[in-house]
Amino acid sequence: MDQKFSKIDIITSSSKFDELKEALNAIGISGMTVSNVLGCGMQKGHKEFYRGLALDINLLPKIKVEVVVCDIPVDLVVEIAKKVLHTGKMGDGKIFVYDVKNIIRISNGAEGRDALRYDK
Amino acid sequence: MNAVNAADTSFIIFATTLVMLMTPGLALFYGGMVRRKNVLSITVHSYAAMAIVSIQWVLIGYTLCFGKDFAGFIGNFQFIGLRGVGFLPNANYAATIPQSVFMLFQLMFAIITPAIISGAIAERMKFLAFSVFILLWSIIVYDPIAHWVWGAGGWLRNLGVLDFAGGYVVEISSGISALVAALVIGKRKKLKTITPHNIPMTMIGAGILWFGWFGFNAGSALTINGVALNAFITTNTAAAAGIIAWSTCEVVARKKVTSLGIASGMVAGLVAITPGAGFVSPMASILIGGIAGALCFLSVTVVKQRFGYDDSLDAFGCHGIGGIWGAIATGIFASKAINSAGTNGLIYGNIKLVGSQLIAIVSTIAYSAIMTFIILKVISKFMSLRVTSEEEMDGLDVSLHGEEAYGGIDI
């Protein structure tokens with residue numbers, strides 16, 4: 001089969017997650033994996049104080065949203081994510097795009113494009 | 001030794017510590033219900049109340065509540081700076097315990113009342129603004145109302161209003177003020193997706209509140225007698241009835257009994273029995289707690305959704321509504337046979353008591369609402385009440401307090 005599957009990782013601040021999820025649902029993506037992560041990049045973090053001792057905290061809480069698409073164009077997903085999450089400041093996050101070799105649905109053994117579909 | 005009774009004094013000292021523990025208990029109760037990123041901010045609201053009101057009380061709070069009456073409205077400065085408050089009992093209030101013990105016991109009530117209000121403005125109010133609010137509210141709202149209801153010469157006390165342990169002074173005043181504060185400050189963003197982050201913490205807080213409430217209610221007898229023990233029994237019974245009623249409503253509405261529902265029903269029952277604990281019978285307390293459980297359930301699940309106000313942790317839904325019902329119920333079920341210092345209620349043929357209770361309810365609501373609104377508006381002229389949008393999204397613990405409650409990953 002010559003189906004092309006792509007995985008899109010979106011790492012961003014958790015405050016925009018609900019908007020992102022709704023926007024992805026709106027273009028037909030209902031399945032995703034979301035995790036709490038800590039990360040750093042250009043954003044410097046913030047200062048915390050423990051009994052007068054100041055600490056520089058450089059790892060900030062972010063969320064990572066992972067989706068895999070087949071029929072839906074990768075460019076569309078990336079555009080939607082950029083539109084929802086963009087503020088222009090550091091801390092907006094990053095998007096990574098990967099190739100996926102195969103997809104298997106455990107409950108009925110479907111593979112490939114069928115494993116992604118939620119046909120009734 | 002004058003008339004000081006050692007047993008009564010030990011009892012009230014113990015009751016004081018029980019009520020003191022209720023404020024940290026409240027912090028835990030509320031803490032579990034907010035999001036992870038805001039748990040410290042709601043916790044410090046309660047501890048700020050402990051710090052601020054403790055000082056305010058010994059300076060002017062005690063005397064404003066219990067000093068010599070002026071116009072039925074407020075106490076004078078007779079006891080300013082605890083002048084004259086010592087081992088000698090104050091026969092107006094508690095003839096068998098030192099006045100200093102009475103003063104300390106009452107302090108614990110003054111502390112927890114503004115702390116209750118923190119539940120309505122959780123996750124979005126500036127800490128400095130809330131701290132100033134605690135101070136002003138204690139002076140302008142708590143102290144006068146406490147004087148009206150409990151002070152010698154207070155106009156509601158003179159009217160024959162019955163409030164055993166703080167139905168008006170604590171529950172209705174804080175509940176109504178909470179609602180006003182929630183409306184003035186506005187709703188949290190993304191209300192629909194907020195869930196409690198640590199329900200076990202809330203359950204620990206709930207258990208501590210039930211435990212401490214024995215001091216709150218039974219201790220309000222200020223002596224060891226049948227009335228105190230009656231209050232002990234009705235307190236426990238109303239809590240239990242509140243749980244069963246709320247849980248029954250949950251089963252009917254959602255087919256499942258939740259732990260959070262149990263904690264809430266418990267609080268509803270305890271709040272409702274507070275004004276009447278030493279005046280009503282244990283059998284009446286079953287009804288009082290049960291109806292409170294059902295009423296507060298409706299208030300929190302139906303009324304709040306219908307009107308859309310964000311009383312985040314149901315300070316109004318449980319304390320306001322529960323307190324109002326409890327005050328009316330006291331007017332219905334109060335019995336002179338249980339407490340000869342009280343009056344008979346409606347079921348014994350006396351309609352006057354319900355009338356006085358209603359007058360007290362209406363005046364407490366009106367005064368609390370108006371003054372809370374004014375206080376908040378005045379504070380807002382000097383500083384912002386609400387955090388910025390970014391602070392709200394990042395979380396108040398980090399934004400306002402520079403602290404993370406649970407730390408990151410171990411590196």
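Author: Two strands are said to pair if DSSP finds at least two bridges between them. The model considered here is predicted.

Reader: How many bridges join strand 1 of chain A to strand 6 of chain A, and do the strands run parallel or antiparallel?

Author: Strands of a sheet pair through backbone hydrogen bonds, either parallel or antiparallel. In this structure, strand 1 (residues 5–12) and strand 6 (residues 94–100) of chain A run antiparallel and are joined by 7 bridges. Strand 1 of chain A also pairs with strand 5 (residues 60–69) of chain A, again in the antiparallel sense and over 7 bridges.

Reader: Which residues stand opposite A:Ile11 in strand 6 and in strand 5 of chain A?

Author: In strand 6 of chain A, A:Ile11 faces A:Lys94. In strand 5 of chain A, the bridge partner of A:Ile11 is A:Lys64, while A:Asp9 has A:Glu66 as its bridge partner in that strand.

Reader: What is the order of the strands in the open sheet of chain A?

Author: The order is 2-5-1-6, an open sheet of 4 strands with antiparallel pairing. Strand 2 (33–39) and strand 6 of chain A each have a single partner strand and stand at the edges, so one side of each is left without a neighbour in the sheet. From one strand to the next, the twist averages 25 degrees. Helix 2 (residues 74–85) of chain A lies across strand 1, strand 5 and strand 6, and runs at about 10 degrees to strand 1 of chain A.

Reader: How many helices and strands does chain B have?

Author: Chain B has 14 helices and 2 strands. Its radius of gyration is 20 Å, close to the 22 Å that the globule rule gives for 411 residues, so chain B is as compact as a globular protein of that length. Buried residues account for 57% of the 411 residues in chain B.

Reader: Why can helix 11 of chain B be called largely enclosed?

Author: A residue counts as buried if 20 or more other C-beta atoms lie within 10 Å of its own. In helix 11 of chain B, 19 of the 19 residues are buried, so the helix is largely enclosed by the rest of the structure.

Reader: Which residues have the most contacts inside the largest nonpolar core?

Author: They are B:Val149 and B:Ile288, in a core of 138 residues. Helix 3 (residues 99–117) of chain B gives the largest share of this core, 14 residues. Apart from this core lies another, of 11 residues, including A:Leu24 and A:Val67. Leaving aside neighbours within four places in sequence, B:Ile288 is in contact with residues including B:Ala238, B:Gly326 and B:Phe333.

Note on methods
Residues numbered from 1 in each chain as written. Chains lettered and ligands numbered in written order. Predicted model: local features only at pLDDT ≥ 70, side-chain atom pairs only at ≥ 80, totals over all residues. Rg over C-alpha atoms; globule rule 2.2 N^0.38 Å. Buried ≥ 20, exposed ≤ 12 C-beta atoms within 10 Å, placed from the backbone. Core = buried A, V, L, I, M, F, W, Y, C linked by C-beta atoms within 7 Å. Contact = placed C-beta atoms within 7 Å. Axes fitted to C-alpha atoms, helices over the stretch in contact; angles between N-to-C directions.
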